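Trainee: I have this chain open and would like to go through it. Can we start with the overall layout and then move to single residues?

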Amino acid sequence: MDKLQTTVLDPLKPYLQPVTTALPEPVHDAIISLIGSPCHSALVLDLDVSKDPACTSLAISKALGLAIVGASAIVKVPQILKLVSSRSSAGVSFVSYALETASLLITLSYNVRQQFPFSTYGETALIAVQDVVVGVLVLTFAGKPAAAATFVAVVAASIYALLFDASLVDAHTLAYLQAGAGLLGVASKVPQIYAIWREGGTGQLSAFAVFNYLLGSLSRIFTTLQEVDDKLILYSFVAAFSLNAILALQMVYYWNSPGLARAEKKPQKTVVEKTPAAAAPALAAATAESSSVAPRPTGKTPTTRRRG
């Protein structure tokens with residue numbers, strides 16, 4: 001950090017400090033609420049990243065957290081668009097999305113009740129909504145509209161029980177559920193990994209969502225270490241990153257593969273040899289000529305020529 005300070009920030013201070021000090025008051029208030037007044041003074045007003053390394057790490061963690069929350073608003077949009085445009089759920093596992101939705105709802109409720117900073121868990125709410133949409137589309141395109149309606153009803157009941165009625169699920173029970181949510185999050189990737197292996201291709205699975213998840217889970221390990229002293233959440237992110245890495249490797253490996261299962265089911269066309277059109281008239285004429293000409297006799301026949 002000292003080298004960054006002396007080689008980059010110190011020469012730019014005369015130009016940057018008038019800008020940072022002239023920021024609107026609401027912007028300063030928002031930054032103070034995120035990193036605190038001492039870090040705000042050191043990083044924003046003084047432009048000194050070497051003064052307090054803890055402030056620099058906290059600022060990086062907050063920036064990553066907010067970036068993850070912002071990206072999560074659209075992380076599943078490409079997946080939704082692929083499903084809608086193709087009207088097919090090939091290669092997309094409903095079980096995987098159902099398990100992930102359950103894990104996200106539990107994690108969201110646990111963080112809200114523990115009053116952790118929103119920047120450390122905000123993406124769970126946005127991703128959960130998109131997961132529900134994906135799950136409904138997968139069931140609908142699989143010809144199961146009743147199952148899609150049941151899925152939505154179960155999600156709504158779970159949200160009410162976990163977030164809005166603490167008498168149904170107390171804090172002690174929710175802590176156990178959070179421990180299980182880490183396992184659910186890990187288990188949610190297994191059906192998708194198996195589906196890709198079975199199909200021999202990624203089908204309608206979105207590469208953007210897969211790689212975004214990989215980077216997001218890696219960033220969450222850092223933000224959790226910096227801001228949340230909770231081993232349950234940390235271990236769940238470490239496990240999620242490991243399986244997201246497997247999914248990303250599958251995406252790269254099967255990038256141009258059409259899918260073995262679909263290739264095997266593709267009906268093979270029977271090749272029928274046809275007579276070329278140009279040769280058809282000649283063949284017909286030869287056939288007619290051969291049928292109209294009588295065979296030449298081999299023996300002698302009587303003659304009417306007079307001899308004299």
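Mentor: From the N terminus on, the elements run α-α-α-α-α-α-α-α-α-α-α-α-α. That is 13 helices and zero strands. Helices here are DSSP runs of H or I with at least four residues, strands are runs of E with at least two, and both are numbered from the N terminus.

Trainee: What kind of model is it, and how are the residues numbered?

Mentor: It is a predicted model, where local features need pLDDT of at least 70 and side-chain atom pairs count only at pLDDT 80 or more, while totals for chains, interfaces and linings use all residues. Residues are numbered from 1 along each chain as its sequence is written, and side-chain values use heavy atoms, with hydrogens and water left out.

Trainee: How much of the chain counts as buried?

Mentor: Of the 308 residues, 37% count as buried. Buried means under 20% relative accessible area, exposed means over 50%, and partly exposed is in between, with a 1.4 Å probe and protein chains only.

Trainee: Which spans does UniProt list as "transmembrane region"?

Mentor: The unreviewed UniProt entry lists residues 59–78, 90–112, 175–197, 204–222 and 234–255. UniProt positions are given in the numbering used here, feature names are shortened, and annotations may be inferred rather than shown by experiment.

Trainee: How much helix is there in residues 175–197?

Mentor: That span is 100% helix and 0% strand, and its end C-alpha atoms lie 34 Å apart. Residues 59–78 are 80% helix and 0% strand, with 30 Å between the end C-alpha atoms.

Trainee: Now the core. Which residues touch the most other members?

Mentor: In the largest nonpolar core, which has 25 residues, they are Phe116, Leu162 and Ile233. Helices α6 (94–114), α7 (122–141), α8, α9 (171–199), α10 (207–227) and α11 (231–253) each supply at least two residues of this core. Helix α6 gives the most, with five residues. A nonpolar core is a set of buried Ala, Val, Leu, Ile, Met, Phe, Trp, Tyr and Cys residues joined through side-chain atoms within 4.5 Å.

Trainee: I clicked on Ala161. Is it buried or exposed?

Mentor: Ala161 is buried, with a relative accessible area of 17%. Ala161 lies in helix α8, residues 145–164.

Trainee: What is Ala161 in contact with?

Mentor: Leaving aside neighbours within four places in sequence, Ala161 is in contact with Arg113, Leu168 and Val169. Contact means heavy atoms within 4.5 Å. Ser109 is 52 residues from Ala161 in sequence, and their C-alpha atoms are 9.7 Å apart.

Trainee: Where is Ser89?

Mentor: Ser89 is in the loop between α5 (77–86) and α6. Ser89 counts as buried, at 15% relative accessibility. Apart from neighbours within four places in sequence, the contacts of Ser89 are Leu83, Val138, Phe141 and Ala142. Ser89 and Gly203 are 114 residues apart along the chain, with 8.0 Å between their C-alpha atoms.

Trainee: Salt bridges next. How many are there?

Mentor: The count is seven salt bridges. The rule asks for a side-chain nitrogen of Lys or Arg within 4 Å of a carboxyl oxygen of Asp or Glu.

Trainee: What does Glu227 pair with?

Mentor: Glu227 forms a salt bridge with Lys62, and the closest N and O atoms are 2.7 Å apart. Glu227 lies in helix α10 and Lys62 in helix α4 (residues 53–72), so the pair ties together parts that are 165 residues apart in sequence. Both Glu227 and Lys62 are buried.

Trainee: And Glu123, what does its side chain meet?

Mentor: The side chain of Glu123 meets that of Arg220 in a salt bridge, 2.6 Å from N to O. Glu123 and Arg220 are both buried.

Trainee: Which residues are joined into one network?

Mentor: Lys76, Glu100, Asp131 and Lys189, through salt bridges that share partners.
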